[in-house]
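Got the viewer open and ready to click around? Let's take a short walk, one selection at a time.

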Number of protein chains: 2
Amino acid sequence: MRPDTLGVIGLGAIGGSVAWRAASAGVRVIGYSNVPREGVTAARLGALHDVATSVRQLVHAADLIVLAAPPGANLDLLARWGEVVAGRGALLTDVTSVKRPIIELATRHGLARCFAGSHPFAGTHVQGFAAARTDLLRGAVVYVTAVPDGEDAAREVADFWESVFEAQVVRLDAAVHDERLARTSHLPQAVASALASALARQSRRGVSFGPGARDMTRLAAGSVDMWRDLLLLNRAAVLDAIEEFECEVGTLRRALEDGDPDGLASWLAVGARWRRAMD
Amino acid sequence: MRPDTLGVIGLGAIGGSVAWRAASAGVRVIGYSNVPREGVTAARLGALHDVATSVRQLVHAADLIVLAAPPGANLDLLARWGEVVAGRGALLTDVTSVKRPIIELATRHGLARCFAGSHPFAGTHVQGFAAARTDLLRGAVVYVTAVPDGEDAAREVADFWESVFEAQVVRLDAAVHDERLARTSHLPQAVASALASALARQSRRGVSFGPGARDMTRLAAGSVDMWRDLLLLNRAAVLDAIEEFECEVGTLRRALEDGDPDGLASWLAVGARWRRAMD
């Protein structure tokens, strides 16, 4: 679908970019942020046509609503407003990078007709509307997950991403999505934070860090609240991924303890081969 | 010192960049690589004035020799040629990112008058002369470590980096250097390889990795042989650093197992605060 009026709740890097791109593509966009100056900035720059003064006002004015608040808040918003949206015959989606909890919530609340989950696979560790870009999501991979019996809503939501964002929509079961993202996104984030913590506890003044250490910890600068929510919402899959990672670190540690050059080289070669193939 | 003739053994990213910058600064440079086409390319691009056909020829022609071969090869070269260089009254340094083994070797061979260790703190995961740049080391931090009673040689070597590379020389004891680098460089490398290995063993066709996962594994594409040598040469300090890192991963795992949002948030905040302060 191409909505007449798109409503975006949460105007951070992702929500702001959704609004901005849609407004640039000629869709009327209204936005709401609980940080009022984000809405003012977004409107001044042309990412919004109107700033809603409340979620209620936005929910009653839009025919497609994108929940782009922090992960926990998106769940609360769906629980509170889902039935109102359903009653109006409008549609809802979200942009959270964990899909099972919100799909389960939508199922429990009987929202199959009005809700499908989305996860645009793009991001930045910079927070707020300042990190929004008109083209951040253009051509991005967007995962779309349906509620059971929610095929029609999922088709409409997928069409929104394709028609307005030229997105590559990938339809995925919520559990498969969350297991996959535990590896491709949540584990790298957890590892960056663990490395940053280890270096933080060690580092003394005057120590130089090169581009390697900087790149390896960049993600750790991201939103603490968002990552607390995401890691907990996906904790079973994240714990599995952490266990697999700890097993690799253990293999490395034993090769070093044993002073085993061949074992170390063949272990290093696994990651090197995989990573070189990515470029 | 500003050498009349600089000899560079090993023409990869670092050795090639040493040669190229020195040649650009008007120093006569001869080079040797056991990959002959690297020498030909370097000479054609103006990074070298002459290609030596053997290490012996180079050692007899230069008044400062930079060992820029892989870490293990630099140790072998110092053991084989150190006394020849000392007999000629010339100077030697190396560019290995682990300093204790080569300082211990130079001490055992009585090379205090002719050798000091160097470690230009710059690099790239791309290998070979193709990754060399005239300005890769310009203005870089260069660690210089002296052999006991080797103060004169260390001063000459430090002066070489300052005068030809405008480097920021940091004089450091070899053991302190190696403990520091275990955290700032070798641990990030080990973590990148462990993450790449974990993802390699999981990944199926069609799975998308975003910029976060790409950045977090970029280092894993580096030279397997070089990193095998470096991690083993610095293994005591690297094992300590890995243990500290495993401890952080364990803290995260327990916070997730316990479903502890406050513990998780305060743990994430340690790394976030440290990393944000770096930018």
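**Stop one: a pair of strands in chain A**

Select residues 5-9 of chain A, strand β1, along with residues 28-32 of chain A, strand β2: the two run parallel and are joined by five bridges. Keep in mind that this is a predicted model. Now click A:Gly7 and look across to β2(A), where its bridge partner is A:Ile30.

Next, widen the view to the whole sheet. It's an open one, with five strands of chain A in the order β3-β2-β1-β4-β5 and parallel pairing. The edges belong to β3 (50-51) and β5 (91-94) of chain A; each has a single partner strand, so one side of each has no neighbour in the sheet.

**Stop two: over to chain B**

Here you'll find an open sheet of three strands, ordered β6-β7-β8, with mixed pairing.

Zoom in on B:Val144 and you'll see B:Arg171 of β8(B) opposite.

**Stop three: where two helices meet**

Finally, select residues 174-202 in both chains, helix α7 of each. Their axes are 11 Å apart and the packing angle is about 160°, which makes α7(A) roughly antiparallel to α7(B). The crossing of α7(A) and α7(B) is right-handed. Among the residues making the contact are A:Val191 and A:Leu195 of α7(A), and B:Val191 and B:Leu195 of α7(B). The contact residues of α7(A) and α7(B) split into eight nonpolar, two polar and two charged.

Note on methods. Residues are numbered from 1 along each chain as its sequence is written. Chains are lettered from A and ligands numbered from 1 in the order in which they are written. This is a predicted model: local features need pLDDT of at least 70, side-chain atom pairs count only at pLDDT 80 or more; totals for chains, interfaces and linings use all residues. Two strands pair if DSSP finds at least two bridges between them. Helices (H or I, at least four residues) and strands (E, at least two) are DSSP runs, numbered from the N terminus. Axes are lines fitted to C-alpha atoms, for helices over the stretch in contact, and angles run from 0 to 180 degrees between N-to-C directions. Angles under 35 degrees count as roughly parallel, over 145 as roughly antiparallel, 65 to 115 as roughly perpendicular and the rest as oblique. A crossing is left-handed if the near helix is turned anticlockwise from the far one by less than a right angle, and right-handed if clockwise. Two residues are in contact if their C-beta atoms, placed from the backbone, lie within 7 Å. Ala, Val, Leu, Ile, Met, Phe, Trp, Tyr, Cys and Pro count as nonpolar, Asp, Glu, Lys and Arg as charged, and the others, Gly among them, as polar.
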